[in-house]
Amino acid sequence: MRQLSRFDFNLRSRTARIDHALVFATPKGGYDPYLPPRRPTRSEIAAKRYTAVYEVDMGVHPFSAELALPSDNEAFEFTAAVDLSWQVLDPARFVASGYRDVPALLLGELRQAARPVTRRFAIADSADAEHELLQAVTVLGPLGAPAGLQVNWTLRLRRGQEIVDLHRRLQTHDHQQLALQQQQAEHELALQQQRSQHELAMLHSGQQHELALQKMKIKFYEWHLQQGGVQNWALHLAQHPEDSRLVMDSMREDQLRLIQSQFELVEQLLSGDAVESYEPETSKQLALRAISDILNQRLPGAPSTPPSLRQDDDPTYPGSSHLLDQGRLEPRRLVAELAEQAPPGREVPLQVQITQERGDAGVALRGFVLPAQGMRLLITVHAPGLLALGDLQQELTVVPGCDSDVVRFGLRTTITGLHTVTVRAFCGGSFLGELRTQISVEADVPARDGPPLSAPLDSLAFDPGEVTLQVLKAEDGTYRFQLLSETSYAPETFRLRAGDPERITTYIYQELRDTAAAAHRIDGQQARERLRNLGVSLWEDAVPDAVRRQFWEEADRIRAFTVLGEHDIVPWELLYPADGAQEGDGFLAEWLPIVRRVFGQSRVRELSMPKMAFVVPPGSPPEADQEVAALRAKFGSTIADVGTLTRRSQVQELVNGGLAGLLHFACHNTFTERGSRVAMEDGGFDPMDLAYARRTGALRDTRPLVFFNACRSAGQIDWYSASLGWAPQFLRAGAGAFVGTLWPVRSDSALIFADTFYDHLVRGRLPLGEASMKARRAIRDHGGDPTWLAYAVYGSPAARVITA
């Protein structure tokens with residue numbers, strides 16, 4: 001700025017830059033701007049009698065700075081990194097404002113808006129504080145606007161350097177502690193190996209002694225048989241039934257034929273008065289049962305049914321493993337036949353049958369056992385877009401040695417288009433298998449029969465006490481709930497009382513995410529009360545009245561609870577059953593082993609664990625490395641370590657090649673409306689990358705366990721009517737089980753859950769459902785943190801891990 005004298009009309013002596021603006025002060029205190037390249041003439045300056053001129057730089061000026069902002073604890077401060085670029089848009093307003101130090105002006109405005117916001121947050125919550133701060137500054141309006149400035153800015157909030165240094169020191173300390181623990185574990189392992197070698201030596205010595213004793217017993221029985229002392233032989237076996245198998249396994253075939261001819265005499269002997277009255281009745285039965293079983297197995301031409309042993313005192317639970325063990329080993333298939341094309345208004349019967357395994361079609365199955373009297377299965381049909389002409393569930397009986405009868409379901413075509421019909425088989429409350437067929441409904445086309453379709457049934461055995469809740473979505477937005485147990489209840493059509501299920505679920509997940517973030521700062525009992533109220537409301541609003549009544553009728557007999565459905569409409573783990581005086585033992589997930597199943601998922605009862613691989617891409621939480629180190633120390637050399645994967649190509653190669661064992665993700669997971677994504681070293685990895693593995697069934701032969709310990713990894717989205725969540729994709733590719741989270745969880749709680757889960761599943765050999773329930777209980781009292789309810793487990797509740 002310079003003053004203009006009365007006769008100073010020449011601007012050429014002091015040349016201004018062409019890109020600068022000139023602002024002239026008028027005698028009345030106003031300002032006349034001349035934007036580049038325009039300049040006033042000498043006559044204009046003289047006529048308007050300007051008193052001063054200001055030269056204003058209108059270029060873009062970048063500027064960076066750091067601000068120290070307070071947290072809720074005066075001892076710690078946030079550091080805000082600010083990048084600014086400012087430019088004068090209104091030179092007259094800028095001159096009138098009186099500001100000359102623009103960076104000081106802008107930083108002052110930022111500081112004034114930021115300090116009240118950051119004071120509300122703990123130093124650990126820098127992400128939440130940054131989000132609130134950006135909103136607060138945006139509400140203020142454009143920075144520098146009153147001074148005629150245009151400002152572009154970015155702000156990043158992080159913990160102060162002293163906090164970062166503290167965490168690094170703590171991490172170093174944790175690594176040292178982990179190394180010390182590993183040394184202690186190696187020492188314990190060495191001691192355990194020494195103890196095992198000692199016990200093995202003692203066991204070998206004991207086996208040698210037992211073998212010598214068995215030889216003496218065999219000679220004793222041979223002598224009695226050679227002397228014809230059948231009565232003494234039978235009397236001794238009645239007193240020592242545990243020796244029966246030893247005796248029979250040691251005999252020659254000619255001796256067995258001799259004993260077979262005298263079997264009726266032995267039965268009369270043990271059931272009559274020839275034996276002293278002091279002999280226990282149970283001992284006689286055990287001896288006769290053992291002899292009968294072995295003779296029927298060893299002798300050619302022996303009767304297939306053992307003699308009656310008065311089994312009216314030995315009831316067998318229908319469908320139990322004891323009864324199945326007495327059955328026949330047979331592979332089976334689920335077969336369905338439906339027209340593949342028909343016009344509207346045509347009746348198209350669906351025929352379903354359980355057949356024996358034969359021919360080359362489909363996949364050869366493991367054998368399974370059927371009791372001699374047969375087994376009743378429940379067949380259900382889901383046919384959206386078709387009109388049902390009768391019940392969509394029927395029972396059929398499967399008996400050894402032959403196919404079942406054919407059951408017929410009446411359907412009629414109504415709406416044109418391609419319709420999918422799903423047939424499912426249940427035994428009690430256990431889901432056995434399913435198949436899908438399609439029918440094309442078009443006007444003015446002839447009806448055309450479709451080929452028979454079949455699906456393998458891995459096993460007809462069911463787990464007593466398992467109950468399945470099947471949830472199907474209809475085209476009108478309603479849901480069909482059906483509770484399946486040893487009593488098959490009719491389906492219940494239901495519309496969620498609270499409205500749109502997606503909106504409800506999003507609201508619940510948001511509240512649980514906020515609760516997890518605020519854990520340890522709120523009262524734990526108060527947080528649990530809030531969760532319980534959410535669970536009770538969800539039980540009332542999301543489960544039909546009839547299904548709740550059926551649940552209470554079965555409650556005393558339920559040992560495991562499976563939810564079978566193709567839509568994640570409800571966080572089932574959060575349900576808190578309570579109806580009047582009826583109340584369970586807390587949340588459903590802490591009361592019972594609860595697992596989920598998706599349609600198209602195979603029933604897997606054994607999880608092989610020969611290898612393990614870990615996915616920890618760059619940028620994962622610091623606790624991820626700690627989590628992986630702890631799991632490696634836990635498993636040791638019992639499971640082969642494939643290594644740590646950081647690239648998407650490595651994960652895809654492992655999955656497409658048929659991963660066997662465990663695939664454990666410890667990373668961040670970004671979940672938006674467009675889906676889920678894990679940032680890998682060579683690009684994003686999302687469920688779409690599993691499409692090839694899903695279509696080819698890359699994991700069906702190996703049945704691995706996939707544990708996705710990341711934010712909301714069990715959720716799913718609908719994309720072209722296909723579920724693209726991590727769980728459905730991995731399971732339909734053939735994974736034996738999947739564990740993921742429904743909302744963002746705390747890293748410390750996630751670490752404990754994973755450690756406890758693997759401890760019970762792999763080392764304790766507990767079933768999948770029970771291991772997950774115990775892992776939940778291990779972290780449910782962590783200061784109101786709801787992480788224990790965040791985990792969704794997919795698979796068979798009875799599945800167990802087997803290792804080499």
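Axes are lines fitted to C-alpha atoms, for helices over the stretch in contact, and angles run from 0 to 180 degrees between N-to-C directions. The model is predicted: local features need pLDDT of at least 70, side-chain atom pairs count only at pLDDT 80 or more, and totals for chains, interfaces and linings use all residues. Residues are numbered from 1 along each chain as its sequence is written, and side-chain values use heavy atoms, with hydrogens and water left out.

**Exercise 1. Determine how helices α3 and α4 pack against each other.**

Step 1. Helices are DSSP runs of H or I with at least four residues, strands are runs of E with at least two, and both are numbered from the N terminus. Helix α3 covers residues 102-118 and helix α4 covers residues 126-140.

Step 2. Two packed helices are described by the angle between their axes and the distance between the axes. For α3 and α4 the angle is about 140° and the axes lie 9 Å apart.

Step 3. Angles under 35 degrees count as roughly parallel, over 145 as roughly antiparallel, 65 to 115 as roughly perpendicular and the rest as oblique. The helices α3 and α4 are therefore oblique to each other.

Step 4. A crossing is left-handed if the near helix is turned anticlockwise from the far one by less than a right angle, and right-handed if clockwise. The crossing of α3 past α4 is right-handed.

**Exercise 2. Describe the open sheet that contains β5, β6 and β7.**

Step 1. Two strands pair if DSSP finds at least two bridges between them. The three strands follow the order β5-β6-β7, with antiparallel pairing.

Step 2. At the edges stand β5 (61-70) and β7 (149-159), each pairing on one side only. From one strand to the next, the twist averages 20°.

Step 3. Strand β6 (residues 77-88) is joined to β7 by eleven bridges. Within this pairing, alanine 81 has arginine 156 in β7 as its bridge partner.

**Exercise 3. Classify the ring pairs of phenylalanine 551.**

Step 1. Rings of Phe, Tyr and Trp (its six-membered ring) pair if their centres lie within 6.5 Å; planes under 30 degrees apart count as stacked, over 60 as edge-to-face and the rest as tilted. The structure holds 29 aromatic pairs.

Step 2. One of these joins tryptophan 539 to phenylalanine 551, at 5.4 Å centre to centre with 70° between the planes, and is edge-to-face. Tryptophan 539 belongs to helix α13 (residues 524-542) and phenylalanine 551 to helix α14 (residues 545-554), twelve residues apart.

Step 3. Phenylalanine 551 and tryptophan 552 have ring centres 5.4 Å apart and planes at 75°, so this pair is edge-to-face.

Step 4. Buried means under 20% relative accessible area, exposed over 50%, and partly exposed in between (1.4 Å probe, protein chains only). Tryptophan 539 and phenylalanine 551 are buried, and tryptophan 552 is buried too.
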